[in-house]
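The following paragraphs guide the reader through a protein model. Please keep the sequence and the structure in view while reading.

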Amino acid sequence: MKKAVIVDFDGTFVSINSFEFFYKELAISALKEKNIDLFAFLFKQITLRKLRLIKHCELKKRTLHYFFENELNSFVPAFVNKLHEFVNESVLSICKDYKKNGYAVHLCTAAPELYVKPFVDSFDVKFDDVICTPNPHEDCEWKENLLERKKETTMELLSQRDEQLSVLITDHHNDLPLLSVTKEKNLLVNPSSETISILKDNQIPFEEYGR
């Protein structure tokens with residue numbers, strides 16, 4: 001059975017929260033293009049979120065629905081180019097080393113397929129597979145690829161590929177379900193004190209990188 005590395009995206013492969021960056025860049029684009037309807041929509045949704053009247057997943061869902069309903073796909077290429085500026089070169093190097101040593105390397109994230117797939121397609125180092133939050137479709141239930149759901153989709157992929165989870169690279173305790181799976185190594189990239197504390201409380205072994 002081939003060994004596999006699972007790499008988180010936000011705060012790990014890239015140094016930022018990509019959806020927050022996407023939201024801000026989309027708002028800036030709306031202002032530049034004088035798209036008042038789009039800017040008003042974004043302003044309303046972020047206000048609802050700041051007031052805690054909607055959850056983050058609902059904000060993401062509404063934004064994605066609006067994006068596709070209004071055919072804003074022309075925004076994606078420029079945004080993907082900007083994302084390249086935030087790639088964590090150290091994590092990229094780790095991924096390359098694991099691939100050289102025969103591991104499969106998969107990207108698994110809660111970030112939306114909307115820009116994750118184009119980002120991966122435009123990248124010079126190819127992942128063996130990618131799991132992300134799907135684009136919303138009317139004929140299926142939309143779920144954010146996060147927490148237990150992220151573990152489920154990851155383990156399903158590895159089962160289909162007859163691979164074993166050997167290394168997890170992440171920055172955040174949101175990945176606790178995957179961190180809890182027995183494996184060779186949990187590698188934490190620039191983890192917060194809170195994340196370290198939670199892993200220690202749960203007696204989950206890990207190595208720190210870049211903190």
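Contact, as the word is used here, means heavy atoms within 4.5 Å. Helices (H or I, at least four residues) and strands (E, at least two) are DSSP runs, numbered from the N terminus. The model is predicted, so that local features need pLDDT of at least 70 and side-chain atom pairs count only at pLDDT 80 or more, while totals for chains, interfaces and linings use all residues. Residues are numbered from 1 along each chain as its sequence is written, and side-chain values use heavy atoms, with hydrogens and water left out.

Six strands form an open sheet in the order β3-β2-β1-β4-β5-β6, with parallel pairing; two strands pair if DSSP finds at least two bridges between them. The edges are taken by β3 (129-133) and β6 (207-209), each of which has a single partner strand, so one side of each is left without a neighbour in the sheet. On average, neighbouring strands are turned by 25° against each other, direction ignored. Axes are lines fitted to C-alpha atoms, for helices over the stretch in contact, and angles run from 0 to 180 degrees between N-to-C directions.

The individual pairings can be followed across the sheet. Strand β1 (residues 2-7) pairs with β2 in the parallel sense over 4 bridges, and A4 has A104 as its bridge partner in β2. With β4, strand β1 pairs in the parallel sense over 6 bridges; here the bridge partner of I6 is L168. Strand β4 (residues 163-170) is joined in turn to β5 (residues 185-189) by 4 bridges, and the two run parallel. T170 has L188 of β5 as its bridge partner. Between β5 and β6, which also run parallel, there are 3 bridges, and L188 stands opposite E208 in β6.

Of its 5 residues, 4 are buried, so β5 is largely enclosed by the rest of the structure. Buried means under 20% relative accessible area, exposed over 50%, and partly exposed in between (1.4 Å probe, protein chains only). N186 is found in this strand and counts as buried at 4% relative accessibility. Leaving aside neighbours within four places in sequence, N186 is in contact with L168, L179, I204, P205, F206 and E207. The side chain of N186 makes a polar contact with the side chain of K183 at 2.8 Å, and a polar atom of the N186 side chain lies 3.1 Å from the backbone oxygen of L179. A polar contact is a pair of N or O atoms within 3.5 Å; within protein, one must be able to donate a hydrogen and the other to accept it, and residues adjacent in sequence count only if both atoms are side-chain atoms.

Attention now turns to the helices. In α1 (residues 18-32), the buried residues are S18, F19, F21, F22, Y23, E25, L26, A27 and A30. Their cover includes α2 (36-50), α3 (56-69), α4 (76-83), β2 (104-112) and α6 (113-121). N17 caps the N-terminal end of α1, with a side-chain oxygen 3.2 Å from the backbone nitrogen of F19. After α1 comes K34, whose phi is positive, near 55°.

Helices α2 and α3 pack at an angle of about 170°, their axes 10 Å apart. They are therefore roughly antiparallel to each other, a term for angles over 145 degrees, whereas those under 35 count as roughly parallel, 65 to 115 as roughly perpendicular and the rest as oblique.

Terms used
The expected span of a helix is 1.5 Å times one less than its number of residues.
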